[in-house]
Amino acid sequence: MLRDSPLADDAELIVSELSTNAIRHTASGWEPGSFHLAVAVSAQVVAVSVTDDGGATTAPKVEHQDHEAERGRGLGMVSALAHRVVVHDTDQGHTVTAELYADARLGGRRC
């Protein structure tokens with residue numbers, strides 16, 4: 001879908017981080033858990049959304065880790081790459097959507 005897009009590498013990393021978070025921190029990683037990935041692409045925006053199966057005690061949030069921490073930086077990386085990150089509650093868990101804009105002026109400053 002993003003073969004020649006300058007946003008492809010960032011989108012790939014975001015998919016990896018959000019998917020890993022769903023598996024590691026929610027019921028999506030339990031048997032028979034799953035998560036839902038949605039990717040929407042237009043000429044202006046690439047939006048990546050991951051919906052988990054719930055089971056987490058808190059909503060996804062950026063955690064500020066010290067530089068020696070081995071975990072806890074995924075959503076921070078997503079926030080640094082994306083122009084906008086939104087977390088929505090669902091009936092069972094959460095959906096995290098990261099948006100990348102082809103023209104940064106469409107979404108204001110990059111986080």
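Contact means heavy atoms within 4.5 Å. That cut-off applies throughout the legends below. This is a predicted model, where local features need pLDDT of at least 70, side-chain atom pairs count only at pLDDT 80 or more, and totals for chains, interfaces and linings use all residues. Residues are numbered from 1 along each chain as its sequence is written, and side-chain values use heavy atoms, with hydrogens and water left out.

**Figure 1**
Helices (H or I, at least four residues) and strands (E, at least two) are DSSP runs, numbered from the N terminus. Along the sequence the pattern reads α-β-β-α-β-β. The chain has 111 residues, and 33% of them count as buried. Buried means under 20% relative accessible area, exposed over 50%, and partly exposed in between (1.4 Å probe, protein chains only). Take the contacts between residues at least 6 apart in sequence: 58% of them join residues at least 24 apart.

**Figure 2. Gly54, in the loop between β2 and α2.**
Gly54 is buried, at a relative accessible area of 3%. Residues up to four places away in sequence are not counted here; beyond them, Gly54 touches Thr26, Ala27, Ser28, Gln92 and Gly93.

**Figure 3. Ser49 in strand β2, residues 45–51.**
The relative accessible area of Ser49 is 15%, so this residue is buried. Its side chain makes a polar contact of 2.7 Å with the side chain of Thr97. A polar contact is a pair of N or O atoms within 3.5 Å; within protein, one must be able to donate a hydrogen and the other to accept it, and residues adjacent in sequence count only if both atoms are side-chain atoms. Neighbours within four places in sequence aside, Ser49 is in contact with His36, Leu37, Ala38, Thr95, Val96 and Thr97.

**Figure 4. Val50, also in strand β2.**
Val50 has a relative accessible area of 3% and is therefore buried. With neighbours within four places in sequence set aside, the contacts of Val50 include Leu18, Ser19 and Ala22. Phe35, His36 and Leu37 also contact Val50. So do His94, Thr95 and Val96. Ala98 lies 48 residues away along the chain from Val50, yet the C-alpha atoms are 9.0 Å apart.

**Figure 5. Thr51 in strand β2.**
Thr51 is partly exposed, with a relative accessible area of 22%. The side chains of Thr51 and Thr95 are joined by a polar contact of 2.6 Å. Not counting residues up to four places away in sequence, Thr51 touches Phe35, His36, Thr90, His94 and Thr95. The C-alpha atoms of Thr51 and His88 are separated by 9.1 Å, and the two residues are 37 apart along the chain.

**Figure 6. His83, in the loop between α2 (74–81) and β3 (84–89).**
His83 is buried, with a relative accessible area of 6%. A polar atom of the His83 side chain lies 2.9 Å from the backbone nitrogen of Tyr101.

**Figure 7. The buried residues of α2.**
These are Gly74, Leu75, Val78, Ser79 and Leu81. They cover an arc of only 165° around the axis, so they sit on the same side of α2. The arc is that of the directions from the helix axis to the C-beta atoms. An α-helix has 3.6 residues a turn, so residues three or four places apart point the same way. The buried residues of α2 pack against α1, β3 and β4 (94–101).

**Figure 8. The crossing of α1 and α2.**
The two axes come within 9 Å and cross at roughly 150°. That makes α1 roughly antiparallel to α2. Axes are lines fitted to C-alpha atoms, for helices over the stretch in contact, and angles run from 0 to 180 degrees between N-to-C directions. Angles over 145 degrees count as roughly antiparallel, under 35 as roughly parallel, 65 to 115 as roughly perpendicular and the rest as oblique. From α1, the contact is made by Asp10, Leu13, Ile14, Glu17, Leu18 and Asn21. From α2, it is made by Gly74, Leu75, Met77, Val78 and Leu81.

**Figure 9. The cis peptide bond from Glu31 to Pro32.**
Omega is near 0° for this bond. Pro32 is found in the loop between α1 (8–25) and β1 (36–41). Most peptide bonds are trans.
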